Amino acid sequence: MGAPRVLRSAVEHLEKGDWQAAHEIVQKDEDSALSCWAHGIVHVMEGDLANARYWYGEAKRPFPKDYSVAAEVAALKEAL
């Protein structure tokens, strides 16, 4: 199972609101910018904004001012 396929699985979990399952996947890949972005989304969903901002930084992405989980997940899915 290649990295993009694994990340697609994490995105599917995010779309369902299952951040715990997505977290299990993305925490295994801390080198990929897309995985770090997904990790940031996970922590927003969890309610840990400080950690989310950290992961957005690791992904080299600005943390959106008007945050929308749905919009971020859709953008991540498009980036895959």
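How are α2 and α3 oriented to each other, roughly parallel or roughly antiparallel? Select helix α2 (residues 19-26) together with helix α3 (residues 33-46), whose axes lie 9 Å apart and pack at an angle of about 150 degrees; α2 and α3 are therefore roughly antiparallel to each other, a term that applies to angles over 145 degrees, whereas angles under 35 count as roughly parallel, 65 to 115 as roughly perpendicular and the rest as oblique. The axes are lines fitted to C-alpha atoms, for helices over the stretch in contact, and the angles run from 0 to 180 degrees between N-to-C directions. Helices are DSSP runs of H or I with at least four residues, numbered from the N terminus.

Before you go further, please note that this is a predicted model, in which local features need pLDDT of at least 70 and side-chain atom pairs count only at pLDDT 80 or more, while totals for chains, interfaces and linings use all residues. Residues are numbered from 1 along each chain as its sequence is written, and side-chain values use heavy atoms, with hydrogens and water left out.

**The contact of α2 with α3**

Now show the side chains of W19, A22, H23 and V26 in α2, which meet S35, A38, H39, V42, H43, M45 and E46 in α3; contact here means heavy atoms within 4.5 Å. The residues of this contact divide into six nonpolar, four polar and one charged, where Ala, Val, Leu, Ile, Met, Phe, Trp, Tyr, Cys and Pro count as nonpolar, Asp, Glu, Lys and Arg as charged, and the others, Gly among them, as polar.

**Two histidines of α3**

Select H43, which lies in helix α3 and counts as buried at 5% relative accessibility (buried means under 20% relative accessible area, exposed over 50%, and partly exposed in between, with a 1.4 Å probe and protein chains only). The side chains of H43 and H23 are joined by a polar contact of 3.4 Å, that is, a pair of N or O atoms within 3.5 Å, of which, within protein, one must be able to donate a hydrogen and the other to accept it, and residues adjacent in sequence count only if both atoms are side-chain atoms. Leaving out residues up to four places away in sequence, H43 touches H23, D48, L49, N51, A52 and W55.

Apart from its neighbours within four places in sequence, H39 is in contact with H23, V26, Q27 and W55.

**From α3 to α5**

On the α3 side, pick L34, W37, A38, I41, V44 and M45, and on the α5 side V69, E72, V73, A75, L76 and A79, which together make the contact. By class, this contact has 11 nonpolar, no polar and one charged residues.

Select V11 in helix α1 (residues 3-15), which is buried with a relative accessible area of 2%. Not counting residues up to four places away in sequence, V11 touches V73, L76, K77 and L80.

Finish at K60, in the loop between α4 (49-58) and α5, where a positive phi of about 60 degrees is found although the residue is not a glycine. K60 is exposed, with a relative accessible area of 73%.
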